[in-house]
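Here are a few exercises to work through with the structure open beside you. Try each task yourself before you read the solution.

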Amino acid sequence: MELQVRRDLPWKSWLDRGLLSLGVVLILAGIGYFFAHNWDHLTDNDKLALSGGAVLVSFVGATWAGLNQFLGKLLLLVASALVGVYIAVFGQIYQTGADSYELFTGWAFLIFPWVALSRFMPLWIMWLGLLNMALGFYWPISSFWGALDSWDVFRHETISLLLLNGLALLLSEIARRWPISWFDRGWSTLILLLATIIPASLETIGEILYTWDSSSSSKSAFIACICFAAFIIGLGFYYSRLRYSLPALAIMTLSVCTVLTFLSIRFLDFDQPHLDAGIWLIAGLMVLAIFGSGVYFLRTQRLSHQQD
């Protein structure tokens, strides 16, 4: 009977934390809706006082609950999210003319001390997301890489996100070897892996669709496919041999199948104005073969791991 109670405790904890997190998300959504709905009816002082007061109340609540408790960490995450609301309200009132990337950069800079002290993985993931947003909004308006605009091999927007998230994934895998109690070793690694693979997949698909038939950059798609294959093979070796993870292999397999699907579309020349039924049939069979091979690969990996 005692063993049964112990088994139930994790589920009770997950349910309690899940409902608490859902309530916090709904409160944040309500705060955002309040400002959006009543924007024209509030004075500038009211807007600044309410948004700044929400940050202060959340931070005081986190301190009162204790930063070593889940409630305190969750309230600190709320305070960090509301900092962005305050910056947005401030920018709308005074019309600073700042670019979007400056908002996310300032947001990430202001909450970094809280992130470092929180020892809370969701807050670290949120902070990394802010850096991704800052990079995503920065490169389209930056002239820093202007000299490379004529070099159509890779786009620095996706490459910078790949390097940032890849570095975070690498540090996460290194930190797994340390006995850090608050460090998550499950879902956060999968999020970082997904955030790393998505830019690589999008860059490869973009090169396949837009530069495959270009005479000026005919090598772009080929180089992108080679780099993507090497990248996936390296990750696949790590997560299948050095540290087995079937969810990670599933993410990589889905990415490979998606890229191969777009590659097959390019080979079948879907840019034709009129496509006959034979091309559609071949495309359907190729997609079934690609994803069927992916399922077979994952099943083989699972069976081989069970035998080991």
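Keep in mind that this is a predicted model.

**Exercise 1. Find which residues lie nearest the centre of the largest pocket, and work out what its lining is made of.**

Solution. 
- Step 1: Start in the middle. Arg 17, Phe 70, Phe 120, Pro 122 and Trp 187 lie nearest the centre, and they belong to a lining of 22 residues.
- Step 2: Now look at the volume, which is about 620 Å³.
- Step 3: α1 (2-37), α3 (70-94) and α5 each supply at least two residues. The largest share comes from α1, with nine residues.
- Step 4: Sort the lining by class, and you get 13 nonpolar, five polar and four charged residues.

**Exercise 2. Take helix α5 and compare its reach with the expected span, then list its buried residues.**

Solution. 
- Step 1: α5 covers residues 121-138, which makes 18 residues.
- Step 2: From first C-alpha to last, α5 reaches 26 Å, close to the 26 Å expected at 1.5 Å a residue.
- Step 3: The buried residues of α5 are Met 121, Leu 123, Ile 125, Trp 127, Leu 128, Leu 130, Asn 132 and Ala 134.

**Exercise 3. Repeat this for helix α10.**

Solution. 
- Step 1: α10 has 31 residues, 277-307.
- Step 2: Its ends are 45 Å apart, C-alpha to C-alpha, close to the 45 Å expected.
- Step 3: Buried in α10 are Ile 279, Ala 283, Ile 290, Gly 294 and Gln 301.

**Exercise 4. Decide why Thr 261 counts as buried or exposed, and find what it touches.**

Solution. 
- Step 1: Locate Thr 261 in helix α9, residues 246-267.
- Step 2: Thr 261 has 13% relative accessibility. The cut-off for buried is under 20%, so Thr 261 counts as buried.
- Step 3: Set aside neighbours within four places in sequence, and Thr 261 is in contact with Val 287, Ile 290 and Phe 291.

Technical notes:
Residues numbered from 1 in each chain as written. Predicted model: local features only at pLDDT ≥ 70, side-chain atom pairs only at ≥ 80, totals over all residues. Heavy atoms only, no water. Helix = DSSP H or I, 4+ residues; strand = E, 2+ residues; numbered from the N terminus. Expected span 1.5 Å × (residues − 1). Buried < 20%, exposed > 50% of the residue type's maximum accessible area, 1.4 Å probe, protein only. 1 Å grid on protein atoms, 1.4 Å probe; cavity = no way out; pocket = protein on both sides within 12 Å on 5 of 7 lines; lining within 4 Å. Points joined across faces, edges and corners; volume = space filled by probe spheres on them. Nonpolar A, V, L, I, M, F, W, Y, C, P; charged D, E, K, R; others polar. Contact = heavy atoms within 4.5 Å.
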